[in-house]
Amino acid sequence: MNAQTSMNAQTSASGRGALWLQALTGQTGMLAEGATTVRVATALLGLEPATFIAVVPDPHNRFPRARQGEVGLDEGWSIADQVRRVIAEGDSGLRRPIVCVVDVTSQAYGRREELLGIHLACAAAADAYASARLAGHPVIALLVGKAMSGAFLAHGYQANRILALDSPEVMVHAMGKQAAARVTRRTVSELEQLGTRFAPMAYDIHAYATLGLLHQLIQGVNSDAPDSADVQRVREFLVSAVADARAGPRDLGVRLSSPAAQRLRAASIEVRRRLREQWDAG
Amino acid sequence: MTAADGRRLLSRQSFIELRARERARALLDDGSFRELLGPFERLKSPWLPLQDIVAQADDGVVLARGTLDGRPAVVAAIEGAYQGGSMGEVSGAKIAGALELALRDCEQGRPVLPVLLLETGGVRLQEANLGLAAIAEIHSAIVALRRHVPVVGVVAGMVGCFGGMSLAAALCSWLIVTRQARLGMNGPEVIEQEAGIGEMDASDRAQVWKLIGGEQRQAVGLADELLEDDADAIAAAVRAAFSRGLPAQERSAQVQRYRSRLAAIDPQQPLDGAGLRERWGSVSTQ
């Protein structure tokens with residue numbers, strides 16, 4: 001009974017990917033071939049079609065460890081498949097933008113997942129997004145919920161530009177709060193306390209924004225129940241992020257050049273500076 | 001065993017027992033090792049001391065330029081003995097930065113052969129989001145670099161390769177493992193903790209290795225070469241991987257193959273390492 005209740009609560013809490021996919025495209029999206037948890041919709045974004053991809057929960061997913069919005073085996077490979085279809089279609093003309101609608105609670109933790117190579121499934125998704133970006137597709141990640149750990153590496157972190165809704169539900173971290181607390185032998189509140197002192201350890205999107213990795217924090221939008229003005233506003237940010245991505249290089253260097261990155265990622269910048277000096281002997 | 005075999009066994013230099021710096025040196029052509037951002041640069045983690053943890057002067061990653069059979073190379077070796085080989089801001093930036101410079105040189109027609117020695121538990125939780133961001137940059141650089149030269153990964157043990165860095169291993173064009181290696185996204189302890197001991201008993205080492213150990217990974221095609229713990233043999237295998245050139249299709253791009261393999265799996269049925277070998281074992285990966 002309790003387990004069921006808590007699962008339902010989590011399921012509704014992680015339905016934000018589906019909510020925003022629907023809001024932005026006016027479609028529920030097609031289920032990607034080979035997964036009951038990856039929804040894909042192609043819709044106009046500004047003046048051109050864009051492909052939107054979201055991972056959604058499915059309480060009946062055939063892999064029990066990936067029923068609450070986790071990225072598991074089918075999710076990773078299906079995302080890779082969908083993204084590579086967009087790349088294959090884009091051989092001529094303007095490369096179609098891809099929007100990752102991100103609400104992913106974690107990678108799937110399971111024995112079967114490890115045996116069958118979940119690391120490769122997630123790598124395949126990351127590879128596909130990175131390959132799309134390198135081929136000239138503007139890849140935009142829109143964080144509407146959790147962007148956790150390996151799941152975010154697979155679905156979103158290879159984007160040219162990362163945008164996030166300003167909401168307490170939007171979180172980025174290397175490990176879910178409960179798991180991180182258990183692994184580091186701290187309580188959740190100790191962990192939250194550390195996050196207030198050290199921005200890289202925080203979960204909330206405001207702290208994340210100080211790291212310089214985010215292109216835009218979208219404020220003033222109701223992320224749970226967006227009205228048409230909210231949706232229009234988010235679309236405009238996506239359109240301008242697409243233009244910005246097209247105007248810039250295809251690598252991730254922009255994440256080191258923002259004013260925020262100059263402060264919080266100063267060490268990342270300094271390592272690269274000195275490395276350039278020492279790279280060639282002499 | 002012949003007398004010659006016996007002598008070879010006795011003279012064999014263990015690769016696993018070497019620290020990261022010695023591993024890089026053992027791989028590169030004799031006398032060609034040149035460390036970049038060595039300990040005297042004192043590029044330490046800015047975050048660990050704030051949390052009362054002593055920061056090591058190289059942040060647990062050794063970068064070395066040198067040659068492999070005379071060709072320019074770069075080795076990034078993770079020191080598993082320091083903070084579990086975890087990726088912090090500086091250690092992650094060292095690897096990403098080295099791969100980015102190798103890419104620049106490749107694009108300018110001066111190929112650099114990249115080798116990753118992966119001994120890592122993944123993100124360093126004390127630097128959480130900056131470690132995760134650096135790992136995304138490592139993935140990006142590997143995918144970009146692979147269009148020019150193979151990226152060769154080695155998981156020797158004993159730490160293994162986990163978390164976001166297991167994706168980096170999966171992105172490598174050629175992956176070399178030993179029997180002592182483990183390669184998985186989630187460490188056994190984390191799975192036991194998150195999914196319960198019924199899902200995974202992390203203390204059952206034999207079972208863990210049967211699931212994610214180097215021998216199993218190579219047998220089912222998730223790694224390319226299984227080697228003894230022998231520094232010379234590993235150095236030779238790295239050179240051989242570069243001589244093979246780029247794979248016909250990178251493993252992480254083999255979408256149709258793996259989707260059809262997975263479609264044939266029924267998650268309701270029990271499956272163990274031996275069962276998977278029967279299904280995936282005989283087919284070559286590349």
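This is a predicted model: local features need pLDDT of at least 70, side-chain atom pairs count only at pLDDT 80 or more; totals for chains, interfaces and linings use all residues.
The secondary structure of chain A consists of 12 helices and eight strands. Its radius of gyration is 19 Å, close to the 19 Å given by the globule rule for 282 residues, so chain A is as compact as a globular protein of that length. Along the principal axes, the C-alpha atoms occupy a box of roughly 65 × 50 × 45 Å.

Confidence was examined next. Chain A has a mean pLDDT of 92. A pLDDT of 70 or more is reached by 94% of its residues. Residues 1–14 of chain A fall below 50. In the model, this stretch makes 12 contacts beyond near neighbours in sequence.

Chain A is divided into two parts: domain 1 spans residues 2–251, and domain 2 spans residues 254–282. The contact between them involves six residues from domain 1 of chain A and seven residues from domain 2 of chain A. On the domain 1 side, the residues touching domain 2 comprise three nonpolar and three polar residues. No charged residues occur on that side. The C-alpha centres of the two domains of chain A are 27 Å apart.

Methods:
Residues are numbered from 1 along each chain as its sequence is written. Chains are lettered from A and ligands numbered from 1 in the order in which they are written. Helices (H or I, at least four residues) and strands (E, at least two) are DSSP runs, numbered from the N terminus. The radius of gyration is taken over C-alpha atoms; the globule rule is 2.2 Å times the number of residues to the power 0.38. pLDDT is the predictor's confidence in each residue, from 0 to 100. Two residues are in contact if their C-beta atoms, placed from the backbone, lie within 7 Å. Domain bounds come from an automatic or database domain assignment. Ala, Val, Leu, Ile, Met, Phe, Trp, Tyr, Cys and Pro count as nonpolar, Asp, Glu, Lys and Arg as charged, and the others, Gly among them, as polar.
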